[in-house]
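Good morning, everyone, and thank you for making time for this. Please take a look at the structure on the screen, and then I will go through a few parts of it with you.

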Amino acid sequence: MAWFRKAKGPASPADEKKVKVPEGLWTKCSNCGEVIISKEIENNLNVCPKCSFHFRISARKRLEILLDDGSFTEHDSGMVSVDFLEFKDSKSYQDRIDVAVAKGGSKDAVICGEGKIEGIPVDISVFDFSFMGGSMGSVVGEKITRSIERGINNHTPVIVISASGGARMQESILSLMQMAKTSAALAKLKAKGLPFLSILTDPTTGGVTASFAMLGDINIAEPKALVGFAGPRVIEQTIRQKLPEGFQRAEYLLDHGMVDIIVERKDMRKTVANLLSMLYRSAA
């Protein structure tokens, strides 16, 4: 039997009409499955215009959305984690730190500073999930504690926006110590009669949830944010039971009294300003 191969001829009109689509032009929503122009999502504060699914955003973007223009002053930006335990698994802890820092967002998993929300002064800490999953090590705990202490000294409200996988395992017990340290600082803030607003975004889990993230005078969550201690898969495997629909999502927690309010990203600035105007009186 003879085998023939069709010789390549000139390109057909159909081939000539094919246009290479630039990478990143379209984004598929992981909630509704719609394929949407990426710029349209970006212009909508990184929220799906079809189903209102809230995509994860950077710490810098959250500061831009929430604070008055030009009001933010960053503190403790030079603090970096140290591999004091010489921890190694598939790669060293120091290598992981270097890779995370090289991304350019921040030098650790939280950005802290002072700013204003509709003229109201605040001390604010915002987690950067892109930095090692927003994990809390000694630097993160120290920066948040210092932010709370600045709030006490400046007589200003404190806000923490969480997005974290929990305590950083590479720092062992020293990362777990940050749970107690940050919680103790919040107790001092409360004793001074100053408000603490905790904003929970997707995901807020582990030791962060088990400490300061759930201690807000008002606990605010973004829609469908995953909030819990252990992940749902771990819980199912442990108790060998199927979990309820929507378990550990913001709406489930609201129904069961774990969060006080769910706020869409576009309404966050106005809602926080309204809450602060009710809870805070300046020392002046």
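Before anything else, let me say that contact here means heavy atoms within 4.5 Å, and that helices (H or I, at least four residues) and strands (E, at least two) are DSSP runs, numbered from the N terminus. This is a predicted model, in which local features need pLDDT of at least 70 and side-chain atom pairs count only at pLDDT 80 or more, while totals for chains, interfaces and linings use all residues. Residues are numbered from 1 along each chain as its sequence is written, and side-chain values use heavy atoms, with hydrogens and water left out.

Let us begin with helix 3, residues 59-66, where Ala59, Arg62, Leu63, Ile65 and Leu66 are buried, buried meaning under 20% relative accessible area, exposed over 50%, and partly exposed in between, with a 1.4 Å probe and protein chains only. Seen down the helix axis, these buried residues fall within an arc of 165° (taken from the directions from the axis to the C-beta atoms), so they line one face of helix 3. Among the elements that cover them are strand 4 (110-117), strand 5 (120-127) and helix 10 (265-279).

Cys48 lies in the loop between helix 2 (38-43) and helix 3, and with a relative accessibility of 1% it counts as buried. Leaving out residues up to four places away in sequence, Cys48 touches Cys29, Cys32, Ile36, Phe53 and Phe55. Cys51 is in the loop between helix 2 and helix 3 as well, but Cys51 counts as partly exposed, at 22%.

Finally, the aromatic rings, of which the whole structure holds three pairs; rings of Phe, Tyr and Trp (its six-membered ring) pair if their centres lie within 6.5 Å, and planes under 30 degrees apart count as stacked, over 60 as edge-to-face and the rest as tilted. Phe53 and Phe55 have ring centres 5.2 Å apart and planes at 85°, so this pair is edge-to-face, and both residues are buried.
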